[in-house]
Amino acid sequence: MSDNTMTLNLKIWRQQSANHRGEMVDYQLAGVSPDMSFLEMVDLLNEKIIKDGGDPIAFDHDCREGICGMCSMMINGQAHGPLAKTTT
């Protein structure tokens with residue numbers, strides 16, 4: 001069986017609080033399945049960040065299915081990403 005996972009280079013805005021200056025942080029994440037949702041990928045990245053001793057990425061979500069509109073993600077500059085009928 002072949003491994004069809006991807007290694008992605010992610011640029012994520014990190015800001016400790018409204019009173020702190022934020023910055024774009026680069027992450028490289030291996031083992032991303034093309035069948036994962038964006039939120040599942042962020043969960044995988046958070047596991048890596050925590051394992052490496054960092055603070056996980058905080059984000060709002062509720063149903064995690066792209067139904068309720070709660071997910072606070074801007075993907076490539078668009079809320080929930082540029083593809084219609086695609087969950088975050």
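**Figure 1. G31, a partly exposed glycine in a predicted model.** G31 is partly exposed because its relative accessible area is 35%, a value between the 20% and 50% limits. The model shown here and in the views below is predicted. G31 belongs to strand β2. Its contacts beyond four places in sequence are T5, M6, M36 and L44. M6 is 25 residues away along the chain. Even so, the C-alpha atoms of G31 and M6 are separated by 5.7 Å.

**Figure 2. Overall fold of the protein chain.** One helix and four strands make up the secondary structure of the protein chain. Their order along the sequence is β-β-α-β-β. The protein chain has 88 residues, of which 24% count as buried. Consider the contacts with a sequence separation of 6 or more: 29% of them join residues 24 or more positions apart.

**Figure 3. Confidence along the protein chain.** The mean pLDDT of the protein chain is 82. A score of at least 70 is reached by 70% of the residues. Strand β2, residues 23–32, has the highest confidence, with a mean of 96. Strand β4, residues 78–79, has the lowest, with a mean of 67.

**Figure 4. The largest nonpolar core.** This core holds 12 residues. They are L10, I12, Y27, L29, V32, L39, M41, V42, L45, I49, I57 and F59. Three elements, β1 (6–14), β2 and α1 (38–51), each supply at least two of the core residues. Helix α1 gives the largest share, with five residues.

**Figure 5. I57 and its contacts.** I57 is a member of the largest nonpolar core. Residues up to four places away in sequence are set aside here. I57 then touches I12, R14, V42, L45, N46 and I49. R14 is the subject of the next view.

**Figure 6. R14, a buried arginine with no salt bridge.** R14 sits in strand β1. R14 is buried, yet no salt bridge is formed. The nearest side chain of opposite charge is D55, 5.9 Å away. The side chain of R14 does have a polar atom 3.0 Å from the backbone oxygen of P56. Contacts of R14, leaving out residues up to four places away, are G22, E23, V25, Y27, I49, D55, P56 and I57.

**Figure 7. The D26–K11 salt bridge.** Two salt bridges occur in the structure. One of them joins the side chains of D26 and K11, with an N to O distance of 2.9 Å. D26 is in strand β2 and K11 is in strand β1, so the pair ties together parts 15 residues apart in sequence. Both D26 and K11 are exposed.

**Figure 8. The D52–K48 salt bridge.** D52 and K48 form a salt bridge. Their closest N and O atoms are 3.3 Å apart. D52 counts as exposed because its relative accessibility is 56%, over the 50% limit. K48 counts as partly exposed, at 37% relative accessibility.

Key:
Residues are numbered from 1 along each chain as its sequence is written. This is a predicted model: local features need pLDDT of at least 70, side-chain atom pairs count only at pLDDT 80 or more; totals for chains, interfaces and linings use all residues. Side-chain values use heavy atoms; hydrogens and water are left out. pLDDT is the predictor's confidence in each residue, from 0 to 100. A nonpolar core is a set of buried Ala, Val, Leu, Ile, Met, Phe, Trp, Tyr and Cys residues joined through side-chain atoms within 4.5 Å. Buried means under 20% relative accessible area, exposed over 50%, partly exposed in between (1.4 Å probe, protein chains only). Contact means heavy atoms within 4.5 Å. Lys and Arg count as positive and Asp and Glu as negative; His and the chain ends are not counted. A salt bridge is a side-chain nitrogen of Lys or Arg within 4 Å of a carboxyl oxygen of Asp or Glu. A polar contact is a pair of N or O atoms within 3.5 Å; within protein, one must be able to donate a hydrogen and the other to accept it, and residues adjacent in sequence count only if both atoms are side-chain atoms.
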